[in-house]
Amino acid sequence: MQDTLIEAIALRHAYQAGKPVLNDVNLAIKAGEVVAVLGPNGTGKTTLIHALLGSVAAQFEQLTLFGERQHGQHRKRALQRQIGVMMQVAGLTANLTVTEQLTLFASYYGTPIPVPELLQRFALTELATTQFGNLSGGQRQRLLFAIAVCGAPKLVFLDEPSLGMDITARHLMWQQVKWLRQQGCGVLLTTHYLEEVVALADRVVVLGHGSVTTELSMDVFKAQAAHADISIEQHYLTLIGAQQHVDDLSE
Ligand SMILES: Nc1ncnc2c1ncn2[C@@H]1O[C@H](COP(=O)(O)OP(=O)(O)OP(=O)(O)O)[C@@H](O)[C@H]1O
């Protein structure tokens with residue numbers, strides 16, 4: 001049986017009293033598994049990652065991280081180090097070069113991935129001496145992804161990692177996610193690109209207004225679409241209850 005890396009039961013969070021963003025969300029990620037968390041804008045995907053990391057004060061019935069029960073917001077440093085995180089908003093020092101950034105972040109870990117390997121894996125070799133402030137949006141995303149995995153984590157949270165990436169960079173990112181999975185890493189991926197979900201995910205979790213509305217394996221997701229003779233995109237729109245809305249707009 002695969003190891004469960006993280007398991008949350010009845011995760012709840014509200015930024016403002018009386019306005020819950022996460023409502024009793026259950027989520028588990030196993031070693032070597034890519035779980036795509038999907039849902040329309042504002043349904044709580046980023047908040048879910050913050051809640052798991054303890055960067056917001058979420059409540060839960062139970063949260064287990066690498067087999068250890070967690071209490072409140074605190075996460076032990078030793079456990080945090082085993083998690084790689086790439087969030088949508090991440091500021092890095094503008095005047096440090098790509099190599100300097102990677103060297104700095106890798107130095108926080110005991111057995112990091114060597115910087116030359118990171119440069120090569122994330123197609124950053126030609127940008128090695130470029131300062132962060134002079135990188136394009138997609139190049140910054142590649143660097144942020146490399147930083148997220150530089151400590152050879154067991155679990156990775158990727159919040160819309162391919163935002164702004166060109167097609168080549170996106171495919172390169174996919175290869176690296178597949179490589180992480182081969183290493184036994186568990187991956188939580190949020191994305192609005194369904195082709196990415198089909199290429200990478202083993203399991204799909206759909207959030208609607210902060211609750212899990214659908215959870216199914218990628219095989220079942222694809223089979224349901226094939227059975228209904230509709231595209232993956234149409235199937236997803238049906239699952240989130242938006243197909244009728246799209247049909248109405250196109251009439
Ligand atoms: N720091 C905050 N303070 C107050 N409300 C917040 C905060 N961050 C997010 N929210 C609200 O919480 C809800 C969920 O936001 P979240 O960013 O988790 O959604 P998301 O599913 O990741 O969206 P997207 O697909 O647009 O990235 C939204 O209504 C958002 O306005």
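Q: Which residue stands opposite Gly186 in strand 8?
A: Welcome to this predicted model, where local features need pLDDT of at least 70, side-chain atom pairs count only at pLDDT 80 or more, and totals for chains, interfaces and linings use all residues. Residues are numbered from 1 along each chain as its sequence is written. Strands (E, at least two residues) and helices (H or I, at least four) are DSSP runs numbered from the N terminus. The residue opposite Gly186 in strand 8 is Leu155.

Q: How many bridges join strand 7 to strand 8?
A: Two strands pair if DSSP finds at least two bridges between them. Strand 3 (residues 34-38) runs parallel to strand 8, joined by four bridges, and there Val34 has Val187 as its bridge partner. Strand 7 also runs parallel to strand 8, and the number of bridges joining them is five.

Q: Is strand 8 largely enclosed or exposed, and why?
A: A residue is buried if 20 or more other C-beta atoms, placed from the backbone, lie within 10 Å of its own, exposed if 12 or fewer, and partly exposed in between. Gly186, Leu188 and Thr190 point one way and Val187 and Leu189 the other, and all are buried. Because five of the five residues of strand 8 (residues 186-190) are buried, the strand is largely enclosed.

Q: How far apart are the end C-alpha atoms of helix 5?
A: The expected span of a helix is 1.5 Å times one less than its number of residues. The 13 residues of helix 5 (residues 137-149) should therefore span 18 Å, and this agrees with the distance between the end C-alpha atoms, 19 Å.

Q: How many residues of helix 5 are buried?
A: The buried residues include Leu143, Leu144 and Phe145. They pack against several elements, among them strand 6 (83-86) and helix 6 (167-182). Helix 5 is largely enclosed by the rest of the structure because the buried residues number ten of the 13.

Q: Is Thr93 buried or exposed?
A: Thr93 sits in the loop between strand 6 and helix 3. Its C-alpha is 7.0 Å from that of Phe132, 39 residues away in sequence. With 11 other C-beta atoms within 10 Å, Thr93 is exposed.

Note on methods:
Contact = placed C-beta atoms within 7 Å.
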